[in-house]
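Dear colleague,

Please find the structure below, handed over for your reading.

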Amino acid sequence: MLWGRATDQAVIDGLLDRARAGRSGVLVVRGEPGIGKTSLLAYAADRARDTRDMRVLRGVGVETEAEIPFASLHLLLWHGLDRLDALPAPQAAALRGAFGLAPVTNRLLAGLAVLSLLAELAEGGPLLCLVDDAQWLDQESAQALRFAAHRLHAEGIVMIFAARDGFDPSGLPEHRLPGIDAGSAAALLDHAAPGLAPGTRDRLIEESCGNPLALLELPRTAPPAYDRSPLPLPDRIQQAYAIRIAGLPPDAQRALLLTALTDGGDLDVIVRAGRELGIAPAALGVAEKSGLIRIDGGRVAFTHPLMRAAAFRHGTYDLRLEVHAVLARLLEHQPDRRAWHLAAAATGPDETAALALEQAARRARDRDGNAAACAALERAAELTEDRALKAGRLTAAAVAAADAGQADRAKHLVERAAELVTGPRSRARLCELRARIAFDEGAPYLAHDLLMQGAEELAALAGTDEEGPGGQTRQDRIAAGLMLTDAARNAWQLSDPDRVAEAAARLHGLGLRPEDGLDPAVQAVTGAAVLLRQGPAQGVPIMRDMVASGGRITSGAHTFRINAAFVAPLVGDFRTGHDISAAMAEECRAAGDVGKLPLVHVTLAAAELYLGRFRDAEATAAEGLRLISDTGQRNRAGYLEGTLAWLAAVRGEADRCAELAARCRDRFDANHIVNGLAWAEWAPALLDLGRGRFAEALDRLDAAMTGPVRHQIQAVYFAPDQIEAAVRLGLPAHEPLCRFEEWATASGQDWALAVLHRCRALVEPDGERAHEHFRTAVRLHAGSGRPWEAARTRLAFGERLRRERDKGSARPHLRAAWETFERLGARPWAERASTELRATGDTGSPAARGEALSALSPQELQIVRLAAKGLTNREIGARLFLSPKTVSYHLYRAFPKLNVASRAQLAGLDLS
């Protein structure tokens, strides 16, 4: 029975009821130790079992297993592993690898595999997943579970985490348990400890602050009335447990310590270890009768985590060492656990234990268990006497910490390693690692300088004539080249032409050879430096060749192709950039390479936006942001949020545009990466322009050109907006016209030349010459694949014709613009075109094409398109990181909007 938890129980009941109706739900139950989190999970399990219609999976974070990758996930899912073969092959392989059942494939795919496995287990009815002590989940399990939890929708699955502070919910809904009210506390005391003296009873109610565990445990050892102990409540509960432990026979006390030190509470291991320690098996029975532990299904568990801590503290240091040594001998078949017990049994430098931990770290890294690898390597370094070996292990630990997203820990480890290293290669490696940490912490200028410093160390070695052992001179040259490439990329994101040029010059000075494989990187850096220093006429041709080369590669060469996709907007070749990005996205999805997808989404969303595929761009950007959250690549978020801000501006969604632009500016303040800021400056100006606020639009764009945004490609692309705003205000537009003209001429793209003619028409006072520019622009737009710019041109031409009172000639241009804006969802621009069209006497409606599609959400549109291609729900789910039931739910909602009743009818629809 739970006292004082009616409101909290109602929250649980609501989740379970919705699951029975086919809807999923997630909850993180928060609270201090003893507040009743575990009891609330037990209530959920009992309610699920009462109706016998809901399967229950239970998992728990184990403090001693927090450094073992996927340990907690295995505990939760091992009852369902017989269904792995029902999953798509890459996902099944990912889970088998995570659990050590097969070679490792992809850790990030494990989250999708968890989602699919849970959905598979819920096929026969609703499913309840309970995860207690989530603050002690190993990082890999926590990441996979959060990935799945964020994507639960229509599977009939409830996932409830119980956690103290220390668990990152990453946006999952939370419910904090307060203390129970005084009346409920009194009722609980009357039930658990009847006969208490009134004064003691009142004091316990007051000092417990409504903590149910305190109300149950403190009466056993109630202090005298004069004792006003200042101990925090968890410590007082633990003290009460310690008194209970001290009252047990010595063998039972030792059995409790053994249980506290045995990972996972394996009964067989505890009994065998107890035999070696001279502990009789009956001692476990005594401990169980005391209520401190429970034995069930071959497992021994403490009835509360504070009991485990009390048992650990109660044991002597010498006895703990002896227990660890025995467990290390018994766990030869579990090398990771054995390594940690060896380390715990060590009292000084111990190379045997250190080597075992280093090997455990290697296995963890093979499974992408970076947090676990870091912990193992750091402890191995502590047990290492040799300075060089210690420095290497600390450096490797820092790399693992950085890979795990633990920047503070990585920085601390780097500083410890730096005190020990002496050689230039080691110093260069630490420079590279420090740069990575600095970039992640929002110090890109420091990151750039560190990369340049590290490259200089290696370049000095690479400049020697003789090849070192193992081809070290060549390796040094390549490593220096990679660091300089990163430095140049970093400087580009900072919009710092001088730093880009310096990195390019150093790169050319390395004497790289074709067999080094860095020619594409050198080409990209050279193009960027020339573009920033000498202008588009010299820089664009270099980059255009790179984009064309990237477009000819159909698979593999990921780094070169993603660089080509990034460069594509710089030369205005959005189609090739889109094709490269779309192909890479397909490859990543097929391979389950979730970690590479956020960067691919950045280039794909931009290409879709520029090509006028606004709904696709929105879906891609939204999915990219979810993946960024899942993978911790937060520095990429600003670009996608900026893309969404621009789309909101086009649609006239002022509040959303302002919110997203503010996020981009906040990110720039934190990390100084300019590409997100460029979108943040452009989007509000475009919103103003669409609403006829020309002065505000011009002020925003002129201000943007005084800062680092002036070096970004967006400064070229918003030049036509500056020109339009200036012309509307009767102001000169010479500078933005020259800026766009120089780039458009160098690019040679039809769409760019069309926009250039539109800009010339806008500033041209002579009517006939202006008309000629407009007609040329309309001709060049045909087939150029940029409907947004084509509609802007038709609108500007129609407006001029209408002002010149040539209404008949204006109508077709205004109608074409209106229909395109309507199809794109550009409401302010459609209204502007509609107003102009009515002024010509045309009061008709735009063509209905696309009305049904506009009713679909971006995700529904993605799913419908894939279903129209004949993909099954399971195949669609694997590609979009959704469960099959969620796919089915979205199709169910989409069919009425499209006026279809089956998947077969989708094939006949125009879904472009």
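By class, the residues lining the largest cavity are eight nonpolar, one polar and no charged; here Ala, Val, Leu, Ile, Met, Phe, Trp, Tyr, Cys and Pro count as nonpolar, Asp, Glu, Lys and Arg as charged, and the others, Gly among them, as polar. This is a predicted model, in which local features need pLDDT of at least 70 and side-chain atom pairs count only at pLDDT 80 or more, while totals for chains, interfaces and linings use all residues. Residues are numbered from 1 along each chain as its sequence is written, and side-chain values use heavy atoms, with hydrogens and water left out.

The lining consists of A255, L258, I270, V271, G274, I279, A280, P281 and L284. A cavity is a set of points, on a 1 Å grid over the protein atoms alone, where a 1.4 Å probe fits but cannot get out, and lining residues have an atom within 4 Å of a point. The largest cavity holds about 70 Å³ of space, a volume being the space filled by probe spheres set on the points, which are joined across faces, edges and corners. In total, nine cavities of 30 Å³ or more are counted by this rule.

Helices α11 (250–261) and α12 (267–277) each supply at least two residues of that lining, and α12 gives the most, with three. Helices are DSSP runs (H or I, at least four residues), numbered from the N terminus.

Helix α11 also packs against helix α13 (residues 282–289), at an angle of about 85° and with the axes 8 Å apart. Axes are lines fitted to C-alpha atoms over the stretch in contact, and angles run from 0 to 180 degrees between N-to-C directions. The two helices α11 and α13 are therefore roughly perpendicular (65 to 115 degrees). In contact (heavy atoms within 4.5 Å) are D251, A252, A255, L256 and T259 of α11 with A283, L284, V286 and A287 of α13.

The contact of α29 with α30 has 10 nonpolar, four polar and three charged residues.

Finally, the axes of helix α33 (residues 674–690) and helix α36 (residues 719–728) come within 11 Å and cross at roughly 35°. Here W682, L686 and L689 of α33 meet D721, E724 and A725 of α36. By class, this contact has four nonpolar, no polar and two charged residues.

With kind regards

Definitions and conventions:
On a 1 Å grid over the protein atoms alone, a cavity is a set of points where a 1.4 Å probe fits but cannot get out, and a pocket is an open set with protein on both sides within 12 Å along at least five of seven lines; lining residues have an atom within 4 Å of a point. Angles under 35 degrees count as roughly parallel, over 145 as roughly antiparallel, 65 to 115 as roughly perpendicular and the rest as oblique.
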